[in-house]
Amino acid sequence: MEDLPNGFLYNPKKTPGFESAGDAIRRHESEAASGRNITDYRDSQQQALYDGWRVAPVEDSAQREVVPEHRSWTADNGYRPKDVLRYLRMPDPAAGEVGPVFDFQELDHIERTARRWSWVEISLTAIQNNVMAIKGMMRPETLFMAIIKADAYGHGAVKVAKTALNSGADQLGVATVDEGIAVRAGDIDAPVLILSEPPIDTIPLLLAYKLTPAVSTAEFAVKYAEAADAVGMRAPFHLKINTGMNRVGVRCSDVIALLDTISFHRALDLIGTFTHFATADSHDIMDFKLQRQRFEEAIALMRARGYDPGIVHAANSSATLRYPEVHYDMVRVGIAMYGCYPCPMTIGVVNLMPSMSVHARIRQVNQVPVGEGVSYGLKHRSSGFAKTCTISLGYADGLSRTLSGKINFIMNGVFHPQVGAICMDQCMFEVDQRTRNNIGRIDPEVGDEVVIIGAQGNCFITVDDMAEAANTIPYEIMIGFGNLRLPRIYT
Ligand SMILES: *Cc1c(COP(=O)(O)O)cnc(C)c1O
């Protein structure tokens, strides 16, 4: 806890060893006051950056023409294009040129959060909690497929997969073959289902990486079986049935015809049968009931014709939390695992913990005179009562430009309005400098932590809050911030 000049207490939650610019200035001031030497920031490597690399003496005067002596910046700050070019050119050891030596492994140790003062925090504890909480409301024999498509909804597929499997998940679900390969590259050998039929060209990859495809066409099934047979492998698959969403899958009325067409092939193993609900999160349950009925009829028909459907599954997060009667043999949980209630009807059914939060540190504080505009278009005008703070977080990082002026950030445990257009890499918010009822004056400083999604003090902003403001769903918000432009910190 820090005692601010205005008597307001707050926990700056700075990372250990982090020195804000304000701290640095105070340290320099106290060092100067006590007569101690202030370290010159232009240490040797930095000096080298200013000077460019140096050239070994060259005897031949003709060569001297090609590699002229280094000329330093002049006192009048005259611009020397040649100097710039020399700085950009890499030294050529063959020509006897030497330059400053950088230890690139050492440079790697400059943390990504130090390079960019904004980051995403992922709580694997929350994911563990959520998997266990959801499993707690399932029959013990029902399997749990953790859906980790789109890099685990922006959380990091391998880390989430390992956490989910350690917390009781049985299988993994991904959207694409490359996502499946990424899981295998993470040294995970759990069953991985590609949730819709992949292109035929990926069949060798499916076999090599032991990825199970969803199948909905005879053409794919036969090519897959032939390729497996040719290398002496089985060709396991899940049959995907379209019961009404009309996205992918074999139409429920065509299931038997498809199975009759492909069942001759000895390598094929039907190990699962599934469908996907279009309206599991809606108030109206008519369409859900129709899909459920069609699915159960298709399964019954398969059994009657002697086809074992294998693992029967249908429920996404909404259906898992709302309709235990459609858990069947396995549930496929995505959004709830990441701590979002998929629809209002599921709030409180289990205790979910949010797994993603978004943070930044103030890069600059501007005292904007009254009436002056802020950001592109200058649409927001300063009241003069507020300090305008800039953070390096923009729409390229997942903070949608449509949110401009519609959201709050949290700093010092208080909400502050985002102002002006959100830029590609940065945006601004205002800290009111007037003393309000029960809040002391907050003086923002470079380096202070800002919460964009998450909790600080008594304030919190959820992914759902932001989704609502952006007129979208939490999935898109998470995936926006998880696009890997922002460093991720796992907690
Ligand atoms: C994405 C997806 C899920 C998970 O959906 P949530 O709503 O995130 O639980 C389940 N099944 C299929 C086929 C999916 O594509």
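**Figure 1. Helix 12 and helix 13 lie roughly parallel to each other in this predicted model.** Helix 12 covers residues 218-230, and helix 13 covers residues 255-262. Their axes come within 10 Å. They cross at roughly 30 degrees. Angles under 35 degrees count as roughly parallel, and therefore helix 12 and helix 13 get that label. Their crossing is right-handed. Helix 12 brings A218, A221 and V222 to the contact. Helix 13 brings L258, T261 and I262. Sorted by class, the contact of helix 12 with helix 13 has 5 nonpolar residues, 1 polar residue and no charged residues.

**Figure 2. Helix 7 packs against helix 9 at an angle of about 40 degrees.** Helix 7 runs over residues 124-136. The two axes are 9 Å apart. The angle makes helix 7 oblique to helix 9. The crossing of helix 7 and helix 9 is right-handed. Look for L124, I127, Q128 and V131 in helix 7. They meet K159, V160, T163 and A164 in helix 9. By class, the contact of helix 7 with helix 9 has 5 nonpolar, 2 polar and 1 charged residues. An α-helix has 3.6 residues a turn, so residues three or four places apart point the same way.

**Figure 3. Helix 10 has buried residues covered by several other elements.** Helix 10 spans residues 177-185. Which of its residues are buried? They are V177, E179, G180, I181, V183 and R184. The cover over these buried residues includes helix 8 (149-154) and helix 9 (157-166). Strand 5 (171-174), strand 6 (192-194) and helix 11 are also among the covering elements. D187 follows helix 10 and has a positive phi, near 65 degrees.

**Figure 4. S382 is a buried serine in a loop.** The loop sits between strand 15 (380-381) and strand 16 (386-391). Is S382 buried or exposed? Its relative accessibility is 4%, so S382 counts as buried. A polar atom of the S382 side chain lies 2.9 Å from the backbone nitrogen of G384. Leaving aside residues up to four places away in sequence, S382 touches V368, P369, V370, G371, E372 and E430.

**Figure 5. K210 and L484 each have a positive phi without being a glycine.** Most residues other than glycine have a negative phi. K210 has a phi of about 55 degrees. K210 lies in the loop between helix 11 (203-209) and strand 7 (212-215). How exposed is K210? Its relative accessible area is 51%, so K210 is exposed. For L484, phi is about 80 degrees. L484 is found in the loop between helix 17 (474-481) and strand 22 (488-490). Its relative accessible area is 47%, so L484 is partly exposed. The cut-off for exposed is over 50%.

Figure 6. The chain has 491 residues, and 46% of them count as buried.

Definitions and conventions
Residues are numbered from 1 along each chain as its sequence is written. This is a predicted model: local features need pLDDT of at least 70, side-chain atom pairs count only at pLDDT 80 or more; totals for chains, interfaces and linings use all residues. Side-chain values use heavy atoms; hydrogens and water are left out. Helices (H or I, at least four residues) and strands (E, at least two) are DSSP runs, numbered from the N terminus. Buried means under 20% relative accessible area, exposed over 50%, partly exposed in between (1.4 Å probe, protein chains only). Contact means heavy atoms within 4.5 Å. Axes are lines fitted to C-alpha atoms, for helices over the stretch in contact, and angles run from 0 to 180 degrees between N-to-C directions. Angles under 35 degrees count as roughly parallel, over 145 as roughly antiparallel, 65 to 115 as roughly perpendicular and the rest as oblique. A crossing is left-handed if the near helix is turned anticlockwise from the far one by less than a right angle, and right-handed if clockwise. Ala, Val, Leu, Ile, Met, Phe, Trp, Tyr, Cys and Pro count as nonpolar, Asp, Glu, Lys and Arg as charged, and the others, Gly among them, as polar. A polar contact is a pair of N or O atoms within 3.5 Å; within protein, one must be able to donate a hydrogen and the other to accept it, and residues adjacent in sequence count only if both atoms are side-chain atoms.
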